[in-house]
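Here is a friendly walk through the model, one region at a time. Keep the 3D view open as you read.

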Amino acid sequence: MAKRTSRTGKKKPVEAQPAGEFVTIYVMGEAYQVPKELTIMKAMEYAGYRFIRGCGCRGGFCGACGTVYRTRDSYKLKVGLACQTVVEDGMYLTQIPFYPANKKEYDISQLQPDTQVLVRHYPELMRCIACNSCTKICPQDIDVMGYIQAAIRGDIARVADMSFDCIMCGLCASRCPAEIVHYNVALLARRLYGAKIAPRASHLVRRLEEINSGKFEPGLDRLTRMSEAELSRLYYQERDIEPE
Amino acid sequence: MYPPSMQESIRKLEATRQERIRQGKIPLLDAEAKKALLKSFHPDYIETSMRQLQVGPNKGDRTPHELADVLEAWPLVDPKRFDPARPKFTVDVLVIGGGGAGVAAALTAQENGARVLLVTKLRLGDANTMMAQGGIQAADKENDSPERHYLDVLGGGHFKNIPELARALVTDAPGIIAWLEELGVMFDKKPDGTMITIHGGGTSRKRMHACRDYTGAEIMRTLRDEFRNRRIEALEFCAALELLTDDQGACCGAAFVNLDTNELFTVRAKTVILATGGCGRLHIQGFPCTNHYGATADGLVLAYRAGARLVFIDTIQYHPTGVAYPEQIVGQLITEKVRGLGAHLVNVQGNRFIYELESRDITASAIIRECTERGNGVVTPTGRVGVWLDTPLIEILKGEGAVKKNLPAMYHQFARFGIYMDKEPILTYPTQHYQNGGILINDQGETGVKNLYAAGEVAGGIHGRNRLMGNSLLDILVFGRRAGRSAAEKSKTVSFDQTAGFHHLQKFQAELKTAGIPRDRCAPILFPEYRRPELQTPFVFAG
Ligand SMILES: Cc1cc2nc3c(=O)[nH]c(=O)nc-3n(C[C@H](O)[C@H](O)[C@H](O)COP(=O)(O)OP(=O)(O)OC[C@H]3O[C@@H](n4cnc5c(N)ncnc54)[C@H](O)[C@@H]3O)c2cc1C
Ligand code: SF4
Ligand code: SF4
Ligand code: FES
């Protein structure tokens with residue numbers, strides 16, 4: 001990107017606020033001094049990295065920024081979301097690429113939510129050795145092993161409920177000795193639950209019939225032709241509001 | 001976790017809580033009071049924040065400097081470096097952007113018999129859609145109707161919305177919810193299947209459908225899964241740099257860069273759907289923002305150069321409640337659902353100052369007034385100001401555990417920093433959230449440029465001058481589906497033209513030259529620049 005010439009003049013970059021205290025972090029082996037309150041993502045930008053991969057929502061929702069690190073003198077590998085984890089002194093960092101993972105193709109409208117459906121699509125589920133590595137690594141604090149056990153039992157509703165907060169970051173799959181792709185199993189369970197197990201909304205069906213029969217067309221015709229003054233009167237004077 | 005200076009104010013807020021509960025709902029402002037508040041405190045009304053465009057179809061219209069800077073800019077890569085005669089892909093429908101609008105458009109175009117390619121800048125689904133928490137509107141309850149929904153949409157938009165677009169929005173809404181239900185989106189429901197719906201700012205009926213507070217994520221991951229099941233072709237980490245046009249000015253593809261390899265390539269298509277989302281990461285007026293990393297107005301830039309008219313580009317939505325503390329997550333969204341569940345907005349003295357569910361522009365203005373003119377803001381250690389959202393009140397109103405149950409994502413986000421929102425309030429200030437305007441479309445998603453369609457946040461007109469919560473997730477699917485259908489149908493009538501190139505750029509570049517736009521101002525910018533000034537380097541595409 002060429003340097004931006006803005007007529008508004010130079011303003012402080014909003015994302016990387018310089019601050020008082022600094023810590024040392026290592027990115028791909030190189031040491032950088034960065035303000036101590038930054039997240040890993042902002043610290044790497046402060047150090048001069050421009051993200052092309054490994055950065056999406058910047059808000060803990062998309063799972064694009066899974067990061068592996070350890071701290072000085074420790075053999076322990078730690079993980080976190082780069083956009084949510086604050087830097088520590090002596091942090092050794094690396095961005096990991098997204099793990100390639102298998103996903104079964106299916107036509108959700110044709111699937112039956114029976115107890116075998118998850119295992120049929122992902123037979124490797126049966127190889128789980130209950131090591132709990134998946135749960136320990138999950139940045140969303142999900143009981144991943146718990147939902148995998150529920151998947152093995154065929155309890156789709158339970159898998160759907162327990163896995164709901166999954167942001168599909170892939171970290172669990174990176175650690176699983178049984179090579180299970182937890183998040184894709186969970187997604188299949190949630191779709192089956194939403195489409196086949198949760199009862200359908202009957203008011204929705206009735207409203208669709210009304211719309212298809214053209215019931216609202218005359219009213220909408222009238223509204224779309226109204227002047228601003230007429231609409232304003234309706235809105236401010238006649239609109240009743242459903243109580244809390 | 002809060003420093004002592006802020007805790008002092010929390011004590012005041014706790015002291016007023018019982019009285020506030022007794023007080024109940026604060027009355028809505030009347031039309032006059034609203035106008036006055038907006039005029040004095042809404043950022044859109046600061047005269048010096050905008051300028052008139054000197055080039056292009058909206059010449060003479062006012063828009064924020066930051067947006068003007070990218071609309072009045074030179075190509076990022078010399079068009080001569082592309083060879084449109086040798087496209088890398090040739091398809092019926094090209095979809096640019098992999099958020100909710102793009103994926104909905106691609107699914108629908110494929111259903112309508114088109115060969116589709118989707119190209120996106122980040123990963124498929126790394127998009128604003130993934131971040132939406134609060135919900136999606138649709139008038140499907142007994143006491144509600146599309147007409148009521150329409151009136152709410154127009155009132156929110158200050159009656160400037162384009163009627164045919166607002167009408168399409170509310171008419172298709174129940175069908176969209178049914179479509180999502182069939183695809184397996186897990187909506188919050190009662191045991192009998194009735195949707196659990198709540199109010200959002202500006203709604204007259206409880207018509208906000210939610211999937212806990214992961215509504216956008218739940219919709220996006222389901223659509224993405226469906227997209228993969230259908231084996232639609234997609235390219236990730238490829239950014240659109242320019243549209244292709246023929247000598248008649250019709251759109252016939254686009255030019256891209258592969259961000260990993262720097263390869264420059266073109267895609268020829270019979271019709272093109274732009275679904276590149278909004279402009280949040282331009283940080284208009286220096287505001288922090290809620291948007292994802294790639295929200296840099298690229299689609300507006302591309303379409304504008306090709307001759308598409310933009311509408312309502314002088315209005316930006318500032319979400320009233322962005323995070324103001326802790327510093328690490330400043331600008332991120334505190335969903336309106338928090339207020340929908342009953343949390344009060346409270347100043348440093350512990351007093352309320354506005355009804356919490358006024359429309360967004362009104363609430364944002366009231367918070368700015370409280371923190372500036374009235375000096376009633378809470379000051380953080382880094383010198384930011386904000387007002388409290390009394391979240392423990394939700395536990396009192398809705399029962400213990402209500403915060404964790406209804407707002408798990410948000411609870412998690414604050415707990416990471418030692419703030420437990422079921423016990424302590426959270427601090428908030430407006431943040432840049434949404435572009436109210438965009439490319440002018442008709443109710444089929446067509447733009448003013450032949451064979452070019454637009455859907456989602458990149459398009460404008462549906463929401464007038466201000467969008468209500470829950471109508472954006474709705475609009476991306478309504479117009480994504482409509483654009484997908486019409487682009488697929490249209491593609492059957494288009495034949496590949498031999499004159500594909502960058503015909504539109506010649507005229508645009510001549511205008512830039514006449515206007516004296518500096519040569520080093522280039523767009524699209526693709527990503528915001530967050531490195532320190534001394535470390536900043538331009539994008540170089542070796543090609
Ligand atoms: C934090 C947050 C909360 C929200 N909450 C709600 C809510 O509760 N209810 C509601 O209705 N709305 C909400 N919104 C608004 C709504 O989510 C968005 O307006 C909507 O999802 C936009 O969808 P889209 O498909 O148009 O764009 P996006 O979802 O942003 O997708 C745009 C896509 O285009 C790609 N792209 C961009 N530039 C290029 C390029 N040059 N080349 C190729 N690809 C490109 C991006 O990478 C991305 O994949 C929220 C928004 C945010 C940010
Ligand atoms: S379950 Fe796996 S993919 Fe989902 S959030 Fe946890 S670690 Fe990430
Ligand atoms: S990591 Fe794999 S093997 Fe270990 S508990 Fe989790 S699913 Fe089972
Ligand atoms: S960037 Fe999306 S989770 Fe971190």
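## A buried tyrosine in chain B

B:Y214 is buried, at a relative accessible area of 3%, where buried means under 20%, exposed over 50% and partly exposed in between, using a 1.4 Å probe and protein chains only. You will find B:Y214 in the loop between β8 (208–209) and α8 of chain B; helices here are DSSP runs of H or I with at least four residues, strands are runs of E with at least two, and both are numbered from the N terminus. Please bear in mind that this is a predicted model, in which local features need pLDDT of at least 70 and side-chain atom pairs count only at pLDDT 80 or more, while totals for chains, interfaces and linings use all residues. Residues are numbered from 1 along each chain as its sequence is written, chains are lettered from A and ligands numbered from 1 in the order in which they are written, and side-chain values use heavy atoms, with hydrogens and water left out.

Which residues does B:Y214 touch, not counting residues up to four places away in sequence? From chain A they are A:F61, A:Q140, A:F164 and A:D165, and from chain B they are B:A132, B:Q133, B:P408 and B:A409; contact means heavy atoms within 4.5 Å. B:Y150, 64 residues away from B:Y214 in sequence, is 26 Å away in space, C-alpha to C-alpha.

B:A308 sits in the loop between α9 (298–305) and β13 (310–311) of chain B. Its relative accessible area is 0%, so B:A308 counts as buried. Leaving aside neighbours within four places in sequence, B:A308 is in contact with B:P57, B:N58, B:A303, B:I439 and B:V449. Of these, B:N58 is 250 residues apart from B:A308 along the chain, with their C-alpha atoms separated by 8.9 Å.

Is B:T48 buried or exposed? B:T48 has 66% relative accessibility and therefore counts as exposed. This threonine lies in the loop between α2 (31–41) and β1 (50–52) of chain B. B:T48 and B:T315 are 267 residues apart in sequence and 14 Å apart in space, C-alpha to C-alpha.

## Helices of chain B

Helix α6 of chain B (residues 146–156) is mostly covered, with nine of its 11 residues buried. Among them are B:P146, B:H149, B:Y150 and B:L151. Just after α6(B) comes B:H158, with a positive phi of about 60°.

Next, look at helices α4 (residues 100–111) and α8 (residues 215–229) of chain B, whose axes come within 10 Å and cross at roughly 35°. Axes are lines fitted to C-alpha atoms, for helices over the stretch in contact, and angles run from 0 to 180 degrees between N-to-C directions. In this contact B:G100, B:V103, B:A106 and B:L107 of α4(B) meet B:M220, B:L223, B:R224, B:E226 and B:F227 of α8(B). These residues divide into six nonpolar, one polar and two charged; Ala, Val, Leu, Ile, Met, Phe, Trp, Tyr, Cys and Pro count as nonpolar, Asp, Glu, Lys and Arg as charged, and the others, Gly among them, as polar.

## Ligand surroundings in chain A

The shell around ligand 2 includes A:C138, A:C166, A:C169 and A:C172, along with A:Q140; near means that a heavy atom of the residue lies within 4 Å. This shell divides into 10 nonpolar, two polar and no charged residues.

Around ligand 3 you will see, among others, A:C128, A:C131, A:C134, A:C176 and A:H182. Here the division is nine nonpolar, three polar and no charged.

Chain A has 10 helices and five strands, and buried residues make up 53% of its 244 residues. Its radius of gyration is 25 Å, whereas a compact globule of 244 residues would have one near 18 Å; the radius is taken over C-alpha atoms, and the globule rule is 2.2 Å times the number of residues to the power 0.38.

Chain B has 16 helices and 22 strands, and 71% of its 543 residues count as buried.
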